[in-house]
Amino acid sequence: MTSLIRRPAPEAPVAFGPIAFIPGNKAGRYPYCHSLVITGAETWVVDPGSHKEYLRRLARERRVTRVLCSHFHEDHLKYHHLFPEAVFYVPRVELEAFTSLTAVYRLAGVADPSFQAYLAETLARDFHFPVRAPLVPYHPGERLVNGDVVLEIIPAPGHTPGHSCFFFPGQDLLFLADVDLTPFGPWYGDAASDLADFAETLERLADFPARIFLTSHDQGIFTAAEAGIALAEFRQVIRDREARLLKVLETPHTLAELVKRRLIYGRSREPAFIYDHMEAQMLAKHLASLERDGRAERAGESFRSR
Ligand SMILES: [Zn+2]
């Protein structure tokens with residue numbers, strides 16, 4: 001397999017006809033993402049988490065009527081408060097998570113009270129949670145029309161239940177959101193993330209007929225040929241994680257022991273309790289999948305391969 005030669009994210013906006021790609025701070029790495037600005041009869045913004053000054057100027061110079069959100073994650077919403085007059089279009093199944101901490105806790109799988117308090121404080125302080133604008137739910141397959149520009153909702157569950165890609169048939173352009181094609185690979189660290197759904201989504205997107213592919217983090221812009229390679233590499237990361245896990249499970253391990261080995265994240269990062277949580281969520285999904293198809297078994301708290 002040819003491996004992808006990666007480029008850095010662009011430093012300035014890149015226009016694809018009426019769709020502008022707005023690179024996020026820090027190459028769109030968390031707590032930022034890349035945004036899109038769509039100029040049709042009206043001005044729309046996709047995922048307002050990119051760049052405070054850019055988005056602030058946009059809000060001053062143009063009337064942004066709609067903000068479209070690929071999913072509820074805070075890094076995709078960071079500057080939502082700059083568009084108080086816009087209507088926010090959000091995935092129907094995640095509607096509550098734009099306004100309710102309880103819904104965020106439930107989707108993320110955060111039950112510990114001190115973790116909940118940390119999350120509440122961080123979301124309010126760094127991400128202006130909750131969204132106070134009116135919310136309109138969108139549905140898989142729905143087409144939103146902005147003058148000459150058509151945006152079609154492509155369901156892409158797995159990362160989160162409502163995670164959606166946006167297809168622009170007039171521009172042959174697919175916005176992949178957090179199918180982000182980074183070397184890290186797919187992220188399924190919420191309780192509501194689903195490994196099998198993510199794998200299915202990747203399979204479905206593998207031969208998606210678009211000319212340009214945009215993502216939310218890192219490189220951000222891919223030709224069809226590049227996206228083909230990047231998607232194959234992205235899918236391979238799931239298999240590599242599984243192989244590492246099966247190897248370790250040649251001797252029995254509990255989930256807590258596995259979490260310490262950082263089979264997913266590779267090295268320890270701070271804050272440790274957050275990475276413990278995400279590592280555990282992701283490993284638990286691999287363990288459930290291995291147990292289901294008989295490649296691992298559980299005895300009490302311990303798992304081993306078979
Ligand atoms: Zn996300």
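I began with Arg66 and looked up its bridge partner in β6, which is Val87. Strand β5 (residues 64-68) and strand β6 (residues 87-91) run parallel, paired over three bridges; I note that two strands count as paired if DSSP finds at least two bridges between them, and that strands (E, at least two residues) and helices (H or I, at least four) are DSSP runs numbered from the N terminus.

The model I am reading is predicted, with local features needing pLDDT of at least 70 and side-chain atom pairs counting only at pLDDT 80 or more, while totals for chains, interfaces and linings use all residues. Residues are numbered from 1 along each chain as its sequence is written.

Next I traced the whole sheet, which is open, has seven strands in the order β1-β2-β3-β4-β5-β6-β7, and shows mixed pairing. Because β1 (14-16) and β7 (135-138) stand at the edges with a single partner strand each, one side of each lacks a neighbour in the sheet.

Then I turned to helix α2 (residues 52-61), where I found Leu55, Leu58 and Ala59 buried, a residue being buried if 20 or more other C-beta atoms lie within 10 Å of its own, exposed if 12 or fewer, and partly exposed in between, with C-beta atoms placed from the backbone. Seen down the axis of α2, these buried residues fall within an arc of 100° (taken from the directions from the helix axis to the C-beta atoms), so they line one face of the helix. The face turned away from the buried side carries the exposed residues Glu53, Arg56, Arg57, Arg60 and Glu61. I also noted that the buried residues of α2 pack against β3 (35-39) and β5, contact meaning C-beta atoms within 7 Å.

Methods
Two residues are in contact if their C-beta atoms, placed from the backbone, lie within 7 Å.
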